[in-house]
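Visitor: Could you walk me through how some of the helices and strands are arranged here?
Guide: Gladly; let us look at it together.

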Amino acid sequence: MRMYDLIEKKKEGFPLSTQEIRWMIDGYTRELIPDYQMSAMLMAICFCGMNEQETYDLTLAMRDSGKIMDLSGIRGIKADKHSTGGVGDKTTLILAPLVASLGVPVAKMSGRGLGHTGGTIDKLECFPGFQTALTMEEFTENVNTIGIAIAGQTAELAPADKKLYALRDVTATVSQLSLIASSIMSKKLACGSDAVVLDVKTGNGAFMKKEEDAVALAKEMVRIGTMAGKKMAAVVTDMSQPLGNMVGNSLEVMEAIEALKGNGPKDLMEDVYTLGQYMLLLSGCAEDTDEAKDKLKNAIDTGKAIDKLAELVEAQGGSREFAYEPARLAVAEKKIAVTAKEDGYISRMDTAEIGTACMVLGGGRETKQSVIDLSVGIELKKKTGSSVRRGDTLAYLYTNDDKKGADAKRIVECAYHYSTDMPSKTDTIRGVITE
Ligand code: URA
């Protein structure tokens with residue numbers, strides 16, 4: 001086989017065979033196919049697309065390019081969730097202990113934040129001593145003993161995707177549906193869980209800005225996972241404003257703890273309950289969504305959910321008291337108020353800009369190597385639909401650096417937009433896609 005011929009074939013609009021896709025991904029992973037030829041292929045895929053079989057073949061070829069987690073030593077139907085990424089998205093911190101407290105084994109691999117979106121691993125490291133690099137034995141042992149483990153995703157999982165994603169990033173070929181779906185699903189399949197619930201975000205803070213694109217991506221990923229023998233569901237959720245009221249690592253952990261104690265904001269809890277319902281349904285812990293919701297609420301009301309977070313923190317090297325006393329988490333001392341410039345309503349928010357402001361404060365990575373400050377962030381006092389008077393506090397910025405604080409303040413000021421009429425409400429949950 002020659003890469004030149006495969007590029008030509010795709011450029012002419014013909015589908016690639018399973019063997020051709022496997023050969024190409026294997027060759028690229030082993031550096032037998034150069035970046036310039038793979039770039040041409042990616043661009044041809046952007047123009048000509050991939051059919052369902054090709055997208056599935058690409059997913060499995062990338063899954064098989066590295067290690068596949070063997071979770072067979074863990075009893076029960078293992079459930080995983082994945083978010084396509086957003087601002088203020090701390091749902092994993094809440095959902096994972098919540099469903100684990102109801103008997104669903106959670107064996108989760110998570111990533112770090114990059115750009116304007118945060119990552120669960122950074123947030124967990126806000127608990128002093130928390131270890132995210134676990135051996136396979138520790139990981140399995142923890143899930144079997146306390147029902148939950150969350151570890152950092154290793155480079156051994158789907159290395160082809162890692163290489164391809166870096167190439168897509170610099171060749172303007174990220175935003176192609178088959179490439180996104182196969183990228184996400186190759187990693188989810190390599191992680192080995194039996195049931196996967198996807199949170200596909202839509203809106204100006206998300207990858208998929210348009211709802212119809214988010215729905216199409218959700219359907220494609222559910223289809224791929226189902227074909228690969230997984231139990232699948234996807235929830236399309238709003239990211240036209242940050243989720244909850246806290247953005248930034250420690251602040252988000254605090255909000256997650258409050259949510260586990262029953263004090264979570266409405267939009268965040270809608271997201272948590274809907275995703276949680278499907279995690280319970282797919283893993284056989286509930287017969288229907290009503291029963292699932294009752295169980296989730298009960299786990300919060302009785303304190304089972306927060307106790308499970310405390311167990312997780314302790315099992316991975318932290319101190320359980322932090323789960324009960326969030327005020328002990330490190331938060332930057334300087335607090336800057338951002339105030340309303342006009343009377344009226346907040347008509348919309350530039351969500352990605354709020355994420356960027358958090359990055360400017362030092363709370364997010366510009367490059368994979370950046371060192372982040374877990375203690376900085378933004379507390380939103382007003383969101384879309386809030387009525388405001390000039391001078392009202394819209395948000396507080398928590399910073400350790402006056403210059404960064406001033407830069408972030410300008411960004412947050414510009415991220416708020418005003419109207420004289422009350423804007424129409426947007427639903428947090430836009431749709432659910434099941435097999
Ligand atoms: N997240 C991924 O892992 N891959 C993509 O292609 C897009 C988002």
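**Helix packing and an open sheet**

Guide: This is a predicted model. In it, helix α5 (residues 91-100) packs against helix α14 (residues 304-315) with their axes 8 Å apart, at an angle of about 105 degrees.

Visitor: Which word describes how α5 is oriented to α14: parallel or perpendicular?
Guide: Angles from 65 to 115 degrees count as roughly perpendicular. The angle here is about 105 degrees, so α5 against α14 is roughly perpendicular.

Visitor: How many charged residues does the contact of α5 with α14 have?
Guide: From α5 come L93, P97, L98 and A100, and they meet A305, K308 and L309 of α14. By class, six residues in this contact are nonpolar, none is polar, and the number of charged residues is one.

Visitor: Turning to the open sheet of four strands, which are its edge strands?
Guide: The pairing is mixed, and the strand order is β1-β4-β5-β13. An edge strand pairs on one side only, which here holds for β1 (79-83) and β13 (429-434).

Visitor: What is the bridge partner of V236 in β13?
Guide: Strand β5 (residues 231-238) runs antiparallel to β13, and five bridges join the two. For V236, the partner in β13 is G431.

Visitor: And at what angle does helix α9 run to β1?
Guide: Helix α9 (residues 177-190) lies across β1, β4 (195-202) and β5. Angles over 145 degrees count as roughly antiparallel, and α9 runs to β1 at about 155 degrees.

Methods:
Residues are numbered from 1 along each chain as its sequence is written. This is a predicted model: local features need pLDDT of at least 70, side-chain atom pairs count only at pLDDT 80 or more; totals for chains, interfaces and linings use all residues. Side-chain values use heavy atoms; hydrogens and water are left out. Axes are lines fitted to C-alpha atoms, for helices over the stretch in contact, and angles run from 0 to 180 degrees between N-to-C directions. Angles under 35 degrees count as roughly parallel, over 145 as roughly antiparallel, 65 to 115 as roughly perpendicular and the rest as oblique. Contact means heavy atoms within 4.5 Å. Ala, Val, Leu, Ile, Met, Phe, Trp, Tyr, Cys and Pro count as nonpolar, Asp, Glu, Lys and Arg as charged, and the others, Gly among them, as polar. Two strands pair if DSSP finds at least two bridges between them.
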